[in-house]
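Here's a quick briefing to keep beside the viewer. Have a look at the model first, then work through the points below.

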Amino acid sequence: MLPVIYSDEFLDHKTGKYHPEKPERLIAIANALKVATFADQISWRSPTPASEQSSLMPSLVRAHSPAYIKKLWQIASSGGGPLDGDTPVSPRSYDVALLAVSAWLDGVEVVLSSANPAFVLARPPGHHAESDAGMGFCLFSNAAIAALFALDQPGINRVAILDWDVHHGNGTQAIVEAEARIAYCSLHQYPCYPGTGRAAERGFHKNVLNLPVPPGSDIALYQPLFETQVVPFLANFQPDLLIVSAGYDGNAADPLASINLQPEDYALFTDYCLGITRKILFGLEGGYDFDSLSQSVVATIERCLQDSLSAECC
């Protein structure tokens, strides 16, 4: 069984009819998983309510300034409005963003207790959110928060984050790059939003690996990058937990970028991750073409289940 942490409350972050980061993204993924051949091997779990998650606010303020948290709450509580030109906030957005963080924290605990993968199917996404500013559809920096939280858990000395979203996770990098116990690796289209993620950026402890790829890149470029750069970097770090910022906007069908991956390519990426550790928390980031998005999540989870079956047999 593979845990998928999900709540219908994640649909209550309203971004507007024409915004690409919309509730229908999660609906498409959930529907695809429910009819997948492995549907009976998914354990659907609800996230811990924010009011009951004792680690939530302490974890949140490790990554975000109190002033920013208050600002986001004020915008939502006053009826909503734009956080920036790309990032709308609706009346329930603050509460939903808190629940998404809670889901990622639950995911950490689930993976560490089982030593097996789990998937957080939540929104809003997070990897663009910096300590004092949300941006790029992101409100709270879910992956960075989860990584910092994981370091407080027994037996966890090092956490790695792999960001395969087509956009560079500027927020994640900015929050974790000074922490020697966290490694961050990102593959992303360049040039592309948000314009960060140069290969020369190595972090404070040589704990950052940015792999910018040109528009039009496909699996023929990504595969050798995984084999010669991503896997060695992450494996040499010897993480006790691997967090994947699982964005699927690198698909050829996606409207917001120009990378030519296919849904089945994410099964290969997942396979590389499983070769490093089975302690993997996947968390949804981008992906805006519903069909390729949902099929990519299916491919990711199916590969995890196949690996689990293989491990049991051997």
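Let's start with Lys206, which is exposed, with a relative accessible area of 66% (exposed means over 50%, buried under 20%, partly exposed in between, with a 1.4 Å probe and protein chains only). This is a predicted model, where local features need pLDDT of at least 70 and side-chain atom pairs count only at pLDDT 80 or more, while totals for chains, interfaces and linings use all residues. Residues are numbered from 1 along each chain as its sequence is written, and side-chain values use heavy atoms, leaving out hydrogens and water.

- Most residues other than glycine have a negative phi, and most peptide bonds are trans.
- (Helices, H or I runs of at least four residues, and strands, E runs of at least two, come from DSSP and are numbered from the N terminus.)
- Phe137 is not a glycine either, yet has a positive phi of about 75°; this residue sits in the loop between strand E5 (118-120) and H5 and counts as buried at 13% relative accessibility.
- The Tyr190 to Pro191 peptide bond is cis, with omega near 5°, and Pro191 lies in the loop between E7 and strand E8 (208-213).
- The Tyr193 to Pro194 bond is cis too, with omega near 0°, and Pro194 is also in the loop between E7 and E8.

**Annotated domain**

- An unreviewed UniProt entry annotates residues 19-302 as "domain: Histone deacetylase"; positions follow the numbering used here, feature names are shortened, and annotations may be inferred rather than shown by experiment.
- Across residues 19-302 the chain is 39% helix and 15% strand, and the end C-alpha atoms lie 29 Å apart.

**Helix packing**

- Helix H4 (residues 93-114) packs on helix H5 (residues 142-150) at about 40°, with the axes 9 Å apart. (Axes are lines fitted to C-alpha atoms, for helices over the stretch in contact, and angles run from 0 to 180 degrees between N-to-C directions.)
- H4 and H5 are therefore oblique to each other (under 35 degrees is roughly parallel, over 145 roughly antiparallel, 65 to 115 roughly perpendicular, and the rest oblique).
- On the H4 side, the contact (heavy atoms within 4.5 Å) includes Trp104 and Glu109, and on the H5 side Asn142 and Phe149.
- Nine of the nine residues of H5 are buried, so H5 is largely enclosed by the rest of the structure.
- The cover over those buried residues includes helix H2 (56-63), H4 and strand E6 (159-163).
- H2 and H4 have axes that come within 10 Å and cross at roughly 100°, which makes H2 roughly perpendicular to H4.
- That contact uses Leu56, Met57, Ser59 and Leu60 of H2 with Leu98, Val101, Ser102 and Leu105 of H4.

- Gly107 is in helix H4 and counts as buried at 0% relative accessibility.
- Beyond its neighbours within four places in sequence, Gly107 is in contact with Ile5, Val120 and Leu281; Ile5 is 102 residues away in sequence but 7.2 Å away in space, C-alpha to C-alpha.
- Arg45, in strand E2 (residues 42-45), is partly exposed, with a relative accessible area of 38%.
- Not counting residues up to four places away in sequence, Arg45 touches Pro3, Val4, Ile5, Tyr6 and Val110.
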